Amino acid sequence: MWLARQFLSSVVQRSQYVGQSGLFHRPRHGCLPKLEPRYLQCTSCWQSRVPVAGFETLNASITSTSEPCDEANRSLDACYTSEQKDTILQMLNNASPSELAGVKLLRGRKSVNIVEYRTKNGPFKTLESVVNVPLLKHKSAVTVFNSILNPVKRERNVRIQLAKFIRPEVDRSWLEEANAIVSIVCGTNKIAWAHVDREMMVLDWQELECPHFLKGTYLASAYLNDVSAVLKVLPSANFYIIEKSSISVQNTALFPIMAHMRTVEAMLFSLLEPRNLAQDSNIPPKVLNMMRTAVGRHFELMVGDSRTSGARAVRKLMSDSVTKELPRINFPPNLLMKYRNAFQMNSKSEGEELCNALLQAVAFYELLSKSSA
């Protein structure tokens, strides 16, 4: 009998607490609750109540956040506390270019500009003086300062994804800031290129015959004349992307072709990249390799380890540029007219280098965008 009374008493007490608001007191009208004690009910005896934290901590964290800096009425120094200003200035005055590149908006040329400015004018004494650095204005400076105060850990898989199709390794931010690239593909008797800007517009697309390729004993001076002739008409760009062939060194039958490709590739690298990158690590390489197989996989041109012709893919890109509102790439009318009857099925390998140069440019931008997503 005594056990039954204890059980009934505990059930009544439990229903009084649980029936009102469950384990927590809930607001009646859906708004934030008033500041009142909150408890958890002990499930063993149903009598002891343990106080728990309410919404005070959440309210305090919301109200403690700093107001955004008003660009019109407040100076940069007035937007931050003295401790925050010391932290920001310490970073800007002492960090190396590579360390500055880890701060949001300071990748690429901006980090170099900061180092050059403080070297010439001395350390930054105020936050307002940072806007004197080229490419840094009030709004971007606020983003930089907040990034220094609240650093975000960068994911490492971006470089890994990029390294799958680009050599040598280069920081993705340099590539993202590029206005245009030139995609170059070397054939057995010609070199083709496609000049494409960031808006996916084809600016130039052509090829040039190289009469001395694969002639005689790979005479260096003859190769130099052919490659130099191409460079004279090659448009300028932020980066030159050279196709990296997938010919295996173990295939002895194709060794002459591989030696030819490597010779032209080495000349393009040396002539397009005259600077000594080892002396200035802050300057990214201007000439890059892109794996031929990566482009083939991107456009589904691979059959086993071999890559099929990209003529059909190029014809579709040209057709979509006219019929679709948002095509993958845009062609000016003169290039559409010039190549409207090219890349037909019966032309065999004719124009293959042109196709590959264009597909490589498209794949470069699309894979870069995919790796940053």
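Trainee: Which element gives the most residues to the lining of the second largest cavity?

Mentor: Start with the general idea: rolling a probe the size of a water molecule over the atoms shows where empty space is left. In this predicted model, helix 10 gives the most to the lining of the second largest cavity, with 5 residues. Strand 7 (239-244) also gives two or more residues to that lining, as helix 10 does.

Trainee: What is the volume of the second largest cavity, and which residues line it?

Mentor: Its volume is about 80 Å³. The lining consists of C186, I242, E243, K244, S245, M261, R262, V264, E265 and L268. Sorted by kind, these lining residues are 5 nonpolar, 1 polar and 4 charged.

Trainee: How many cavities of 30 Å³ or more are there?

Mentor: The count is 3.

Trainee: Now for a pocket. How much space lies in the second largest pocket?

Mentor: A pocket is open, whereas a probe in a cavity cannot get out. The second largest pocket holds about 410 Å³ of space. It is lined by 19 residues, and C186, G187, T188, M261 and E353 are the closest to its centre. Notice that C186 and M261 are also in the lining of the second largest cavity.

Trainee: Which elements supply at least two residues of the pocket lining, and how does the lining divide by kind?

Mentor: Strand 4 (180-186), helix 10 (255-272) and helix 14 (352-371) each supply at least two. Helix 14 gives the most, with 3 residues. By kind, the lining of this pocket has 6 nonpolar, 7 polar and 6 charged residues.

Trainee: Let us turn to a helix. How far apart are the end C-alpha atoms of helix 3?

Mentor: The length of a helix can be checked from its residue count. Helix 3 covers residues 82-94, so at 1.5 Å a residue its 13 residues should span 18 Å; the end C-alpha atoms are 18 Å apart, which agrees.

Trainee: Which residues of helix 3 are buried, and which are exposed on the other side?

Mentor: Buried here means under 20% relative accessible area, and exposed means over 50%. I88, L89, L92 and N93 are the buried residues of helix 3. Seen down the helix axis, they fall within an arc of 120°, so they line one face of helix 3. On the other side, E83, D86, Q90 and N94 are exposed.

Trainee: What do the buried residues of helix 3 pack against?

Mentor: They pack against helix 4 (97-100), helix 5 (109-121) and helix 6 (138-149).

How values were computed
Residues numbered from 1 in each chain as written. Predicted model: local features only at pLDDT ≥ 70, side-chain atom pairs only at ≥ 80, totals over all residues. Heavy atoms only, no water. 1 Å grid on protein atoms, 1.4 Å probe; cavity = no way out; pocket = protein on both sides within 12 Å on 5 of 7 lines; lining within 4 Å. Points joined across faces, edges and corners; volume = space filled by probe spheres on them. Helix = DSSP H or I, 4+ residues; strand = E, 2+ residues; numbered from the N terminus. Nonpolar A, V, L, I, M, F, W, Y, C, P; charged D, E, K, R; others polar. Expected span 1.5 Å × (residues − 1). Buried < 20%, exposed > 50% of the residue type's maximum accessible area, 1.4 Å probe, protein only. Arc of directions from axis to C-beta. Contact = heavy atoms within 4.5 Å.
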